[in-house]
Amino acid sequence: MKDESKQTITVKTIINAPVEKVWEYWTEPEHIKKWNNASDDWHTSFSENDLRVGGKFLSRMEAKDGSSGFDFWGIYDEVKLYETIDYTLGDERKIKITFASKEKYTEITESFEAESINSIELQQTGWQAILDNFKKYTEESI
């Protein structure tokens, strides 16, 4: 059952690349490790991804100086190739990502249930920074 008290936060970006390439860079661990950080002093040291309903993903996010880190993981609820990815995080929050293929670009919209530790603004800023980093990595790589 969905917790109605959880606020949903949405972040978006437009990637100047076809949806097939965007999907590949979003879902393949060797790419995830190169873009999945909100700032230059963090990185993803490990990533695995079983992209199917019931499959699990795991990314180890760490400060480059070794001072802190955490596992970001979840289980896929829905996967529609080049369209949507829905998953539930380990803390039971729901995430929905849509990939809208346009003529010369792909729009990504990511909506997630807020957690209660950090402010809404901090969460939105952090998730948007990761999405912006994905855009930069993808556009520079194609």
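1. Helices (H or I, at least four residues) and strands (E, at least two) are taken here as DSSP runs, numbered from the N terminus. On that basis the chain holds 3 helices and 7 strands, and their order along the sequence is β-α-α-β-β-β-β-β-β-α. The radius of gyration is 15 Å, close to the 14 Å that the globule rule gives for 142 residues, so the chain is as compact as a globular protein of that length; the radius is taken over C-alpha atoms, and the rule is 2.2 Å times the number of residues to the power 0.38.

2. Please keep in mind that this is a predicted model, in which local features need pLDDT of at least 70 and side-chain atom pairs count only at pLDDT 80 or more, while totals for chains, interfaces and linings use all residues. Residues are numbered from 1 along each chain as its sequence is written, and side-chain values use heavy atoms, with hydrogens and water left out.

3. Of the 142 residues, 37% count as buried, that is, under 20% relative accessible area, with exposed meaning over 50% and partly exposed in between (1.4 Å probe, protein chains only). Contacts, meaning heavy atoms within 4.5 Å, join residues 24 or more positions apart in 46% of the cases with a separation of 6 or more.

4. Val-11 lies in strand 1 (residues 8-15) and, at 1% relative accessibility, counts as buried. Leaving aside residues up to four places away in sequence, Val-11 touches Ile-108, Thr-109, Glu-110, Gln-124, Trp-127, Gln-128 and Leu-131. Val-11 and Ile-130, 119 residues apart in sequence, are 10.0 Å apart in space, C-alpha to C-alpha.
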